[in-house]
Amino acid sequence: MVRSAWRPAALVDRRPETATATTLVLQAQDWPGHLPGQHVDVRLTAEDGYQASRSYSIAAPTDGDRIEVTVQRLENGEVSPFLADDLAVDDEVELRGPLGGWFVWRPEQREPVLLVAGGSGIVPLMSMIRVRAGTSRAPFRLIYSVRSPADRIYAAELRRRSAEDGGLDVAWVHTRVAPENDPRPPGRLTPDDLAAHGWPPDFEPTVYVCGPTGFVESVAAMLLATGHDATRIRTERFGGA
Amino acid sequence: MPIITRGFRGHRSGDDERLPPGQYLTHDFPVLSTGPTPLIPPEEWSFTVTTETGVRHEWSWTDLMTLPAEEVTVDLHCVTRWSKLDTAWRGVSLDVLLEDVETVADYALVHSHGGYTTNLPLEDLLDGQAWVAFEYDGDALTSEHGGPARLLVPHLYLWKSAKWVRGIDLLLEDDPGFWEQLGYHEYGDPWREQRYQGD
Amino acid sequence: MTATYDGNMLAGPLSDVFAVEVTTATACCGGCGRNSTVAELAVYGPGPGLVARCPGCDDVLLRVTRTADSIWLDLAGMASLRLPAAGG
């Protein structure tokens with residue numbers, strides 16, 4: 001017999017983040033706690049027994065039995081539109097996790113950290129930023145690539161934290177539409193962006209890259225080409241282009 | 001017992017009588033893949049049938065183009081539950097390719113570029129049921145959908161319609177393919193919902 | 001097309017099989033001999049099953065499917081899988 005690792009979890013709150021991203025606050029019994037960067041699998045079962053499950057990064061630090069995930073609604077998706085639009089407070093889903101031990105940051109780590117996010121790839125990196133505040137003085141730099149200003153997830157909190165959290169720098173890369181006063185024209189993240197807003201390789205930062213597959217592969221290749229050691233680059237791809 | 005999530009239905013099964021049980025209708029053409037997409041120029045493509053006695057029959061792309069091709073419109077049923085109706089293909093019937101092949105084999109193991117395999121009874125490749133297809137919807141078959149040529153066996157779940165097909169071994173005994181080794185059904189009839197071994 | 005996912009997403013499906021967290025394990029490719037952290041494998045899927053390949057040579061290292069009543073796991077492409085031991 002396989003042990004069942006799924007535990008029931010009820011929605012206790014939801015917050016819109018952007019037009020297409022929603023944060024869900026779930027409460028799961030006997031949650032063991034988690035590390036920033038870990039994810040959960042969410043399983044939905046229909047009345048006829050049909051099941052679908054998907055992986056979502058955890059967005060916030062351990063807080064008792066509460067787990068926050070931020071869900072990006074995918075057109076024609078089977079699970080994300082339901083979670084983003086239809087799941088109501090008190091409705092139950094099942095969770096498996098916390099999952100993953102490689103794409104994680106631990107507050108004991110002292111070295112500088114570079115976070116590179118593409119789109120909703122910000123979610124596990126935001127968990128690292130939130131845990132860092134109050135537990136670590138490791139210097140963090142975040143480079144966050146989005147299509148347009150309207151697609152920034154956690155925009156207000158990142159603005160506030162980059163002012164208040166000592167040692168956190170935030171740089172934005174807009175790929176389609178940039179804000180009016182932005183000296184950087186819209187376009188994909190380049191080696192110049194990494195050089196301007198990242199750490200030099202000889203600072204030996206640990207680099208966490210999360211986003212769509214194509215984004216992650218292109219950023220990882222740029223990092224290697226500029227001399228970052230492969231063993232200090234941690235990547236997480238969530239599919240798509 | 002799993003917890004039921006109130007209001008969740010998944011992709012709704014259609015009530016179209018052309019949909020096999022447990023399938024839902026899609027209008028796009030999802031791409032499922034077990035590895036990197038092979039990019040094979042037609043001039044480097046060939047198709048080989050190897051009989052149970054080791055006799056090889058080989059066709060180059062040019063050979064394939066000289067054979068009589070058919071246009072067929074068929075429904076596709078993927079074991080991941082999507083179905084796509086009225087898809088238009090052009091290809092060479094396996095009846096044509098196997099016409100001069102002498103065999104007493106009962107089984108076929110299909111091989112693809114990239115290492116994918118799938119097995120099925122030889123009789124399911126015959127009598128107008130299967131094609132080596134090289135055009136989809138009027139255009140050359142793209143590499144993501146199996147181009148330059150794929151097997152098309154639409155009466156079975158789509159994992160049997162091997163993309164990037166390169167050959168077929170004719171066998172006296174059944175030999176499970178890539179997914180059939182991992183619990184998927186040896187035959188895969190969507191109308192009998194033969195998804196997994198034992199269904 | 002390149003891999004849809006990476007080995008991070010194997011954590012959940014393989015938690016039903018292994019007693020320890022498997023994405024930090026080291027897989028040695030039976031084809032080219034490269035050692036990779038499971039989290040770094042190139043993963044295709046999820047349907048009909050998950051296929052994890054060596055990032056060096058694209059050989060299949062792991063396949064896992066879930067049928068009505070079984071989990072099917074193939075590790076034949078690996079020369080070895082080195083897992084962190086509890087208390088080690």
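A residue is buried if 20 or more other C-beta atoms lie within 10 Å of its own. By that criterion, 50% of the 88 residues of chain C in this predicted model count as buried. The points below cover chain C and then a domain and a sheet of chain B.

**Chain C: fold and dimensions**
- Chain C contains eight strands and one helix.
- Its elements follow the order β-α-β-β-β-β-β-β-β along the sequence.
- The radius of gyration of chain C is 12 Å, which agrees with the value near 12 Å for a compact globule because that value is the one for 88 residues.
- Along the principal axes, the C-alpha atoms of chain C fill a box of roughly 35 × 35 × 20 Å.
- Among contacts in chain C with a separation of 6 or more, 49% are between residues 24 or more positions apart.

**Chain B: annotated domain**
- An unreviewed UniProt entry places the domain "Oxidoreductase molybdopterin-binding" at residues 35-179 of chain B.
- Over residues 35-179, chain B is 41% strand and 7% helix.
- The end C-alpha atoms of this stretch of chain B are 13 Å apart.

**Chain B: five-stranded sheet**
- An open sheet of mixed pairing is formed by five strands of chain B, in the order β3-β2-β11-β6-β7.
- The edges are β3 (56-60) and β7 (117-121) of chain B; each has a single partner strand, so one side of each is left without a neighbour in the sheet.
- From one strand to the next, the twist averages 15°.
- Strand β2 (residues 46-50) of chain B runs antiparallel to β3(B), and five bridges join the two.
- Opposite B:Arg56 in β3(B) stands B:Thr50.

Key. Residues numbered from 1 in each chain as written. Chains lettered and ligands numbered in written order. Predicted model: local features only at pLDDT ≥ 70, side-chain atom pairs only at ≥ 80, totals over all residues. Helix = DSSP H or I, 4+ residues; strand = E, 2+ residues; numbered from the N terminus. Rg over C-alpha atoms; globule rule 2.2 N^0.38 Å. Buried ≥ 20, exposed ≤ 12 C-beta atoms within 10 Å, placed from the backbone. Contact = placed C-beta atoms within 7 Å. UniProt positions renumbered as here; feature names shortened; annotations may be inferred. Pairing = 2+ DSSP bridges. Axes fitted to C-alpha atoms, helices over the stretch in contact; angles between N-to-C directions.
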